[in-house]
Amino acid sequence: MEEPEAGSECAIGAAAAGPMADTQYILPNDIGVSSLDCREAFRLLSSTERLYAHYLSRAAWYGGLAVLLQTSPEAPYIYALLSRLFRAQDPDQLRQHALAEGLTEEEYQAFLVYAAGVYSNMGNYKSFGDTKFVPNLPKEKLERVILGSEAAQQHPEEVMGLWQTCGELMFSLESGLRHLGLGKEGITTYFSGNCTMEDAKLAQDFLDSQNLSAYNTRLFKEVGQDGKPSYEVRLASVLGTEPNLDSDMTSKLKSYEFQGSHFRVTRGDYAPILQKVVEHLEKAKAYAANSHQEQMLAQYIESFIQGSIEAHKKGSRFWIQDKGPIVESYIGFIESYRDPFGSRGEFEGFVAMVNKAMSAKFEWLVASAEQLLKELPWPPAFEKDKFLTPDFTSLDVLTFAGSGIPAGINIPNYDDLRQTEGFKNVSLGNVLAVAYTTQREKLTFLEEEDKVGTGPVHPLERTLL
């Protein structure tokens, strides 16, 4: 599980549908953009460690594109349109063009903030709160900028096609599009639009009956002429229907009758994206520091090729055993917060490097943990049966591909591994350094009296000093 970054609602992006849009659906022009400084940590890496970090980062960035497909129907098109615009003209050049088209400085800033929001959240819905955000300028003005841009001159049919596909949805705040959700409650692309919570529950029961995890799946429902529904459970994988040697996964790819409904298990979701992930994980494997990392990457590769969560679990086991690596990473379908049913994992990949000074303080905390647990205000029944000493490391983020950067991570999320093998607590030091420079007034989830005395030094850090 991840801890959201302090003030992460503000660190998400910026924009709105037009001057009349409710402010909860816009990202304000004065939103902050912060750099995560990792230069010193990267400088201390060996050339082999740098190459390992580089190829893992490439795998993470490619995999992060899957998040667009997991968010909203228009998100991939918005991302592609923005990428076209900024590849053809840098922000200063685009600004001159926008002003010439009649935009004000504030409107162009709102467009940049919206773009930052899309890139930060990998889509047009906030990763923390699941609320849609829209551009804070008139649609017709943005259209003039896009269709008159250098990108449109270079690729007129593509840019026009992208705009026609996503322009209306980019600005729409119809009731069913304001939040992520199932059925009439909102929008989601983990399910086809005709799926309800009842369909999600039935699909979960089916998956449980076949010992299949929902983490790397999406659900698509069709209703026949007889009015009877049928469901496709689609696994994320490089392979589709091709024959392969993994008989365990192959045996799952077939049709089923379950509780009076027809189910079909297929795979190949996100195949082009996962192919790129696999290619770069293969390259990273050549620079692994030890056998744990090699076996971890081999299992991740197997998981993404075959669509096997069991292989990802095996990789996670090797990851847990890889204690205190200089370059830390984790990649896969991990957090289920944004699935309205709470079972499907969003793709995420991160690469970070050890911050040796802060990690020494956390080592002291871990060494004291068994005694500190006794002082907590709840009985032992609420803790794990046996305390397994975690690997608690402070890291500086080099790459974090997904819908947002947390301040810390406690993974893997597989309960059977957590109970028997353990887990890792990862504190992301350069994220915390930015988060705790936030103005006191912008701290979330705290009463006013509890904000007094908070400053750039984290309370835990005071304890460890």
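Q: In which loop is Asn211 found?
A: Helices (H or I, at least four residues) and strands (E, at least two) are DSSP runs, numbered from the N terminus. By that numbering, Asn211 is found in the loop between α10 (197-209) and β2.

Q: Is Asn211 buried or exposed?
A: This is a predicted model, where local features need pLDDT of at least 70, side-chain atom pairs count only at pLDDT 80 or more, and totals for chains, interfaces and linings use all residues. Residues are numbered from 1 along each chain as its sequence is written, and side-chain values use heavy atoms, with hydrogens and water left out. Buried means under 20% relative accessible area, exposed over 50%, partly exposed in between (1.4 Å probe, protein chains only). Asn211 has a relative accessible area of 65%, so Asn211 is exposed.

Q: What is the phi of Asn211?
A: Asn211 is a residue other than glycine. Its phi is positive, near 55 degrees.

Q: What is the strand order of the open sheet of four strands?
A: Two strands pair if DSSP finds at least two bridges between them. The pairing in this open sheet is mixed, and the order is β2-β3-β5-β4.

Q: Which strands stand at the edges of the sheet?
A: An edge strand here has a single partner strand, so one side is left without a neighbour in the sheet. The edges are β2 (217-223) and β4 (255-258).

Q: Which residue in β5 is the bridge partner of Glu257?
A: Four bridges join β4 to β5 (residues 261-269), and these strands run antiparallel. In β5, the partner of Glu257 is His262.
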